[in-house]
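Reader: I would like to go through this model and hear the grounds for each term used to describe it. Please set each value against its cut-off.

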Amino acid sequence: MLADDTPMDDTPLEYKPKNTSFPQISEEMVASVALGLEDELIVASRHGMSVEQYQELAAQPWFQLQIQVKRSEYEKNGVTFKAKAAWMAGELLDQVYVTAASQDASLNQKHEVLKTLIKAAGLEPKEEKVKDTGPGFSISIDLGGGQSISLSNQQTLTPVTLDAEVKEIKNA
């Protein structure tokens with residue numbers, strides 16, 4: 001076959017090189033797209049891709065497979081649900097506050113919102129837990145001469161004696 005016999009039509013020739021290797025796509029981008037909390041084009045632009053570049057990438061079977069694998073991992077581990085719940089809670093937070101802060105809200109409603117916000121922010125007072133150390137014991141060793149050593153696993157309070165002169169305060 002001669003070069004002149006090559007069939008050619010009137011469509012323009014493509015000069016764009018075809019990808020023969022996988023482009024470098026960060027794990028963060030795959031994770032963000034798989035999570036689905038924001039538009040894929042916003043995620044792509046954050047990672048320096050144009051709309052056209054992302055559309056070409058999204059059409060690649062290997063990229064689609066990466067997204068599907070990450071999505072199934074997230075669903076299996078409950079990450080998708082937790083992330084969406086956190087996002088929804090954040091969206092509702094302002095509305096709940098405005099409603100609770102209005103004069104139409106009852107004191108009970110305000111109190112319930114306050115308790116919920118304190119708990120969500122981790123501002124609840126921490127309870128000091130007394131750890132059970134097991135059965136109590138006490139060992140006393142007499143050293144003779146009126147001296148002894150005592151060991152115990154029980155908490156004991158040592159009284160403090162202050163030597164101070166007592167003065168009477170006279171009213172003027």
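Predicted model: local features only at pLDDT ≥ 70, side-chain atom pairs only at ≥ 80, totals over all residues.

Reader: What makes the span of helix 4 close to the expected one?

Author: Helix 4 takes in residues 61–77, which is 17 residues. The expected span is 1.5 Å times one less than the number of residues, so the expectation is 24 Å, and the distance from the first C-alpha to the last is 24 Å.

Reader: Why is lysine 70 called buried?

Author: Lysine 70 has a relative accessibility of 16%. Buried means under 20%, so lysine 70 counts as buried.

Reader: Where is lysine 70, and which residues is it in contact with, leaving aside its neighbours within four places in sequence?

Author: Lysine 70 lies in helix 4. With those neighbours set aside, its contacts are Glu27, Val30, Ala31 and Ala34. Contact here requires heavy atoms within 4.5 Å.

Reader: Which residues of helix 4 are buried, and how do you know that they are on the same side?

Author: The buried residues are Trp62, Phe63, Ile67, Lys70 and Tyr74. Around the axis they cover an arc of only 140°, and therefore they sit on the same side of helix 4. What covers them includes helix 1 (27–35), helix 3 (51–58) and helix 5 (79–101).

Reader: What is exposed on the other side of helix 4?

Author: Pro61, Leu65, Gln68, Glu75 and Lys76 are exposed there. Exposed means over 50% relative accessible area.

Reader: How do you know how helix 5 and helix 6 pack?

Author: Two packed helices are described by the angle between their axes and the distance between those axes. For helix 5 and helix 6 (residues 107–121), the angle is about 145° and the axes are 9 Å apart. Their crossing is left-handed.

Reader: Which residues meet between helix 5 and helix 6?

Author: From helix 5, Leu93, Val96, Ala100 and Ala101 meet Lys110, Val113 and Leu117 of helix 6.

Key:
Residues numbered from 1 in each chain as written. Heavy atoms only, no water. Helix = DSSP H or I, 4+ residues; strand = E, 2+ residues; numbered from the N terminus. Buried < 20%, exposed > 50% of the residue type's maximum accessible area, 1.4 Å probe, protein only. Arc of directions from axis to C-beta. Axes fitted to C-alpha atoms, helices over the stretch in contact; angles between N-to-C directions. Left-handed = near helix turned anticlockwise from the far one by under 90°.
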